[in-house]
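Visitor: Hi! Could you walk me through this one? I'm new to it.
Guide: Happy to. Here it is.

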Amino acid sequence: AIAAILPLVLEHTERLVLDADGLNALAADAALQTLLRERRAHGLHTILTPHPLEAARLLGSSNAGVQADRLAAASALSQRFDCTVLLKGSGSVIASPAHRPAINSSGGPALATAGTGDVLAGWLGGLWARHGDTAAHELACAAAHWHGLAGDRQAAGPLRAGDLITEINGVVLNNPAQ
């Protein structure tokens, strides 16, 4: 179903955050990859938010290969698709063409639960909707940082995705300049 509408989304959406099934559809379809590469030339902007296995699919690599050099993997995706990439995981990497890659130092094991990456992608999309004139790279860095700080607030054990939203809101209210 997503593969059917994704070409229209890629051709017409001004600012796009792609995660999960959108990334999997992209990895499986060369025509979609071409549309993604052409977006920036048309003034359209994209942020990809893969976890390592999704990044491996997009690169035609392995999970182990991505994990062995996360910085290189994020940079390669960014260059290949001419967009911002937020490679999720311990030390999330943010890479964009013509920007120095960033490594996010906030966050920890509490974020290694189902749905927390979805919360990050959703928060990033909402942030971008509110601050559309801000560069994708800057927004991805801020979203990753706030997401990680919210995870750091978890005292022990996993953090439920629903609770993470509340935690991110608390972090943003207490750290608006970050």
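Visitor: How do strands β2 and β3 run, parallel or antiparallel, and how many bridges join them?
Guide: Strand β2 (residues 45-48) and β3 run parallel, joined by two bridges. Strands here are DSSP runs of E with at least two residues, and helices are runs of H or I with at least four, numbered from the N terminus. This is a predicted model, where local features need pLDDT of at least 70 and side-chain atom pairs count only at pLDDT 80 or more, while totals for chains, interfaces and linings use all residues. Residues are numbered from 1 along each chain as its sequence is written, and side-chain values use heavy atoms, leaving out hydrogens and water.

Visitor: Which residues in β3 are the bridge partners of isoleucine 47 and leucine 48?
Guide: Isoleucine 47 has threonine 84 as its partner, and leucine 48 has valine 85.

Visitor: And what stands opposite valine 85 in β4?
Guide: That is alanine 95. Strand β4 (residues 93-95) runs antiparallel to β3, with three bridges between them.

Visitor: What is the strand order in the whole sheet?
Guide: The order is β1-β2-β3-β4-β5, an open sheet of five strands with mixed pairing. The edges are β1 (15-18) and β5 (102-103), each pairing on one side only. Two strands count as paired if DSSP finds at least two bridges between them.

Visitor: Zooming out, how many helices and strands are there in the protein?
Guide: Nine helices and five strands. The protein's radius of gyration is 15 Å, close to the 16 Å from the globule rule for 178 residues, so it is as compact as a globular protein of that length. That radius is taken over C-alpha atoms, and the rule is 2.2 Å times the number of residues to the power 0.38.

Visitor: How much of the protein is buried?
Guide: Of its 178 residues, 43% count as buried.

Terms used:
Buried means under 20% relative accessible area, exposed over 50%, partly exposed in between (1.4 Å probe, protein chains only).
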